[in-house]
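User: I would like to learn how to read the features of a protein model. Could you take me through this one step by step?

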Amino acid sequence: MKSTPLSLIAGVVALAAVTGFAALTVPGDDGATEAKAAARLPVERSSLLCPAPSTSDLAETTYTSFTPAAKDGPKDGTAELKAAEALPADEDEPADGKTGDADDKADADDKKKTDADDKEKAADTKPVVSLKDLGKPVTAETSKSGAPALVGTATDRFAPGWTTQQTTTAAAGGARGLLGVSCTAPDTDFWFPGASTGASRQDYVHLTNPDDTAAVADIELYGAEGPLKSDVGEGITVPARSSVPLLISTLTGEAAENVTVHVTTRSGRVGAVVSAAEDEVGSDWLAASADPAGTQILPGIPADATSVRLVAFAPGEDDADVKVQLLGKNGTFSPAGNDTLHIKSQMTASVDLKNVTRGEPGSLRLTPTDGSRTPVVAALRVVRGTGAKQEVAFIPATGPVGERATVADNRAKGSVLSLTAPGKTAKVKVTASAGSEGGEAAVKTYTVKGGTTLEVTPEAPAGLKGGYALTVETESGGPVHAARTLTIPEGGIGMFTVQTLQDDGGTVEVPEAEQDLSVLDD
């Protein structure tokens, strides 16, 4: 038997650290080497995609990028976000189209134009946001109408736990509101319950392709009566390193107040998120729901919510019956008259829970009533305020914070953290990072009683200047789900947005080979 080089083992470890999966087969073996205890190593590369923020002349957008501090790990690395359509493509420059008979003046004019275009492209390919240090966020701002989507990559020391928040304030107009979204990793499958093709809504699904080749996506729409007919939702091409926004109501001729949007890719991968604008109510981003599952947690309903609507969908062949429970400040209870929800297969179900929190913060838990665990996806449409001072936000079902989760762009005022323990009592550590322009990190530990929601105002960094990031780490007990509400007053309206926190995937399991392959004899 021949010896297996050490470089092969190193390659497998590196592959796992980048992709989250690696397999190793020993030459001469009939199958893969069985794994022993799996070690956890930091990821070496992360990707994030931020959608185009706004087309309004009145919008102002802030990007906040952050990677948590680490005791050990590589010393090098970068974390940069660049304009999607400005990234260089792997193709030849187009010919200028002139023939040998073109006069010298035309050639000179073309050369000047080409030089100007090259200068503009060079400026656009500079990073919009670039991290310098671990544990300290970096911000960038734009008020440019039609600002592009961003594509970013973090490597080596900046990769584990890298996150970026995009926050847009639109003070007036049809898209008035505070629109916040945690920039997403590329994937091939997304569910968005809570969208709409109704006359009062203007919802766009944004598809952003980070790769060097085109992606092809399909979009399926489901209303209360089942699939919505669409002749244009299939085979949507998203060019390399670019972003495509699609008005959802143009994908079907049917108007439906509550719609579930399903985005998949036939080839390639994309980042997907929905922007929702509602007449006389406001606007925000709707992020994808957690993957279909029998139990779903929707954390962070504000105490002063005036209207809460649950939208759920069962993507499989079976109907789902779920128990609806609110995890409140002091315990768990079912909303009066809405303790269960029947979700027919392939049909979007919704229920208005009104002011379900009744002045106390809460989170929603959906669990199967019959033990069948039929998988569902879900989201909440949440309204604060009344009349002309209403504002809307969306809360998708989300997974637990796990080992660690982070949300960026917290301000000196207006940030509230919601922590929910749907099972056993849990203890979490919350770190407020150094400020983007100054300040020292602050750490505090919280105990979240099982079956309750704990709402806290984070302890801001001492001497805070600029914005900061919040990192939540589970220390003991059961799983914890979390959400951050950011509120910014504007024109007498408490504009707000809610971002859920999920495990940042900063480490990956790498199996240890049962055999020492470097010392195998011939």
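Analyst: Start with strand pairing. This is a predicted model, and in it T406 has T471 of strand 35 as its bridge partner. That bridge belongs to the pairing of strand 28 (residues 405-410) with strand 35 (residues 468-477), which is antiparallel and has 4 bridges.

User: Which residue of strand 35 does V430 stand opposite?

Analyst: V430 stands opposite V472. Here strand 30 (residues 426-432) pairs with strand 35, again in the antiparallel sense, over 7 bridges.

User: What is L221 in contact with, leaving aside its neighbours within four places in sequence?

Analyst: The contacts of L221 are G226, P227, L228, I248, L251, T252, V259, T260 and V261.

User: How many aromatic pairs are there, and why is the pair of F190 and F192 stacked?

Analyst: A pair of aromatic rings is described by the distance of the centres and the angle of the planes. The count in this model is 3 aromatic pairs. For F190 and F192 the centres are 6.3 Å apart and the planes are at 15 degrees, so the pair is stacked. Both F190 and F192 are buried. The pair of Y222 and F313 is tilted, with 4.7 Å from centre to centre and 40 degrees between the planes. This pair links distant parts of the chain: Y222 is in strand 12 and F313 is in strand 20 (residues 305-313), 91 residues apart.

User: Are Y222 and F313 buried or exposed?

Analyst: Y222 has a relative accessible area of 7%, so Y222 is buried. F313 is at 0% relative accessibility and therefore counts as buried. Ring pairs also link W191, Y222 and F313 into a cluster.

User: What sits over the ring of F496?

Analyst: The charged end of R384 does, 4.7 Å from the ring centre.

User: Now the salt bridges. How many does a search of the whole structure find?

Analyst: Side chains of opposite charge can pair when their charged atoms come close. The search finds 15 salt bridges. One of them joins R176 and E391, with the closest N and O atoms 3.1 Å apart. R176 lies in the loop between strand 8 (163-170) and strand 9 (177-182) and E391 in strand 27 (residues 391-396), so the pair ties together parts that are 215 residues apart in sequence. R176 is buried, with a relative accessible area of 12%, and E391 is buried at 1%.

User: Which residue forms a salt bridge with R241, and where do R266 and E234 lie?

Analyst: R241 forms a salt bridge with D212, where the closest N and O atoms are 1.9 Å apart. R241 counts as buried at 18% relative accessibility, whereas D212 counts as partly exposed at 40%. R266 and E234 meet in a salt bridge of 4.0 Å, N to O. R266 is in strand 16 (residues 259-267) and E234 in the loop between strand 13 (226-227) and strand 14, 32 residues apart. R266 counts as exposed at 53% relative accessibility, and E234 counts as exposed at 61%.

Terms used
Residues numbered from 1 in each chain as written. Predicted model: local features only at pLDDT ≥ 70, side-chain atom pairs only at ≥ 80, totals over all residues. Heavy atoms only, no water. Contact = heavy atoms within 4.5 Å. Pairing = 2+ DSSP bridges. Helix = DSSP H or I, 4+ residues; strand = E, 2+ residues; numbered from the N terminus. Phe/Tyr/Trp six-rings, centres within 6.5 Å; stacked < 30°, edge-to-face > 60°. Buried < 20%, exposed > 50% of the residue type's maximum accessible area, 1.4 Å probe, protein only. Lys NZ or Arg CZ within 6 Å of the ring centre and 35° of its normal. Salt bridge = Lys/Arg side-chain N within 4 Å of Asp/Glu carboxyl O.
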